[in-house]
Amino acid sequence: MPEVSFGAHFFQDLVEARIHYLPLYPDDEGVIFNEAFLTRSPNLLAEFLPDYAALADTVHLIDVPESTDGLTLQLLMNADLNEAVALLRKPGNAVPETIRMEEEGTARQSPSYSRWRMRMAEQIAADINPEEFGVAAMYIFSSTKNATAGPASDIDLLIHFRGTPTQRYLLDTWLRGWSLCLDEVNYLQTGYRSGGILDVHIVTDEDIEKKISYAAKIDAVTDAARPLSIRQTFT
């Protein structure tokens, strides 16, 4: 199967005309088509475009209300998730729009996404047992800290770790549980699922001393990681 855009340059025109497109492949797992409706409904291509009647085997133009005794076609699509569903419904029986995206996409960065993620990060820090997991400090950084998170953004945590390998295993398992649970909550709220919403970076005393990688964000001059209050100080 060729690439969808192979030999074509009309996608930018579609975007500028605010026409949304989403390629769907019949043979892909989870893709379901009502083939009877699509193939047996009268093809009106020759009637509307007689000069292109030869393309009737490729382009199928359907009058939906005429072919369904008055039903209309409603399309629900999320291009970011690469998912869509088309419904045949009675006229006027509209699907409630629970999440309205701004025309220019500004709703993708709503303050509510950052506030929710910050509250969850603060709750994780408040619930963690530093002595059990070998945690000296926790920080938040990136989009959650900067209040620019979108519905698909991770919660970026930086953890100063001083524990043993066993404590590291327990910490990773505990955080994995949080990550999966919060990812499910985010999915129910926004429709975005990532398989785990926490993006955790572990640094040691040596990393901080040498300012290696993400450790450089601690006490940085610009865009420093923000400390989170844990319930007790690890010594």
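Before looking up partners, I noted the rule: two strands count as paired if DSSP finds at least two bridges between them. I also noted that this is a predicted model.

**Entry: pairing around S4**

I began with strand S4, residues 155–161. On one side I looked at strand S3 (residues 135–141), which runs antiparallel to S4 and is joined to it by 6 bridges. Within this pairing, I found Leu157 of S4 as the bridge partner of Ile140. Then I turned to strand S5 (residues 198–203), which pairs with S4 in the parallel sense, again over 6 bridges. There, Leu158 stands opposite His201 of S5. I followed the chain from S4 to S5 and passed through helix H7 (residues 165–190); this β-α-β crossover is right-handed.

**Entry: burial of S4**

Is S4 buried or exposed? I counted 7 of its 7 residues as buried, so the strand is largely enclosed by the rest of the structure. Ile155, Leu157, Ile159 and Phe161 point one way, while Asp156, Leu158 and His160 point the other way, and all are buried.

**Entry: the cores**

Which residues touch the most other members of the largest nonpolar core? I got Met138, Ile155, Leu157, Leu182 and Leu198, out of 23 residues in that core. Helix H5 (111–127), S3, S4 and H7 are the elements that give two or more residues to it. H5 supplies the largest share of this core, 6 residues. Apart from it I found another core, of 8 residues, including Ala137, Phe141, Ala215 and Ile218.

Leaving out residues up to four places away in sequence, Ile155 touches Arg117, Met120, Ala121, Ile140, Thr144, Leu182, Ile197, Leu198 and Asp199.

**Entry: the whole chain**

Of the 235 residues, 29% count as buried. Of the contacts between residues at least 6 apart in sequence, 57% join residues at least 24 apart. The accessible surface comes to about 15700 Å², with 52% of it belonging to carbon and sulfur atoms.

**Entry: confidence**

A reminder to myself: where pLDDT is low, the predicted coordinates should not be read in detail.

Terms used
Residues are numbered from 1 along each chain as its sequence is written. This is a predicted model: local features need pLDDT of at least 70, side-chain atom pairs count only at pLDDT 80 or more; totals for chains, interfaces and linings use all residues. Side-chain values use heavy atoms; hydrogens and water are left out. Buried means under 20% relative accessible area, exposed over 50%, partly exposed in between (1.4 Å probe, protein chains only). Helices (H or I, at least four residues) and strands (E, at least two) are DSSP runs, numbered from the N terminus. A crossover is right-handed if, with the strands pointing away from the viewer, the path from the first strand over the helix to the second runs clockwise. Contact means heavy atoms within 4.5 Å. Accessible areas come from the Shrake-Rupley method with a 1.4 Å probe; for residues, only the protein chains shown count as cover. A nonpolar core is a set of buried Ala, Val, Leu, Ile, Met, Phe, Trp, Tyr and Cys residues joined through side-chain atoms within 4.5 Å.
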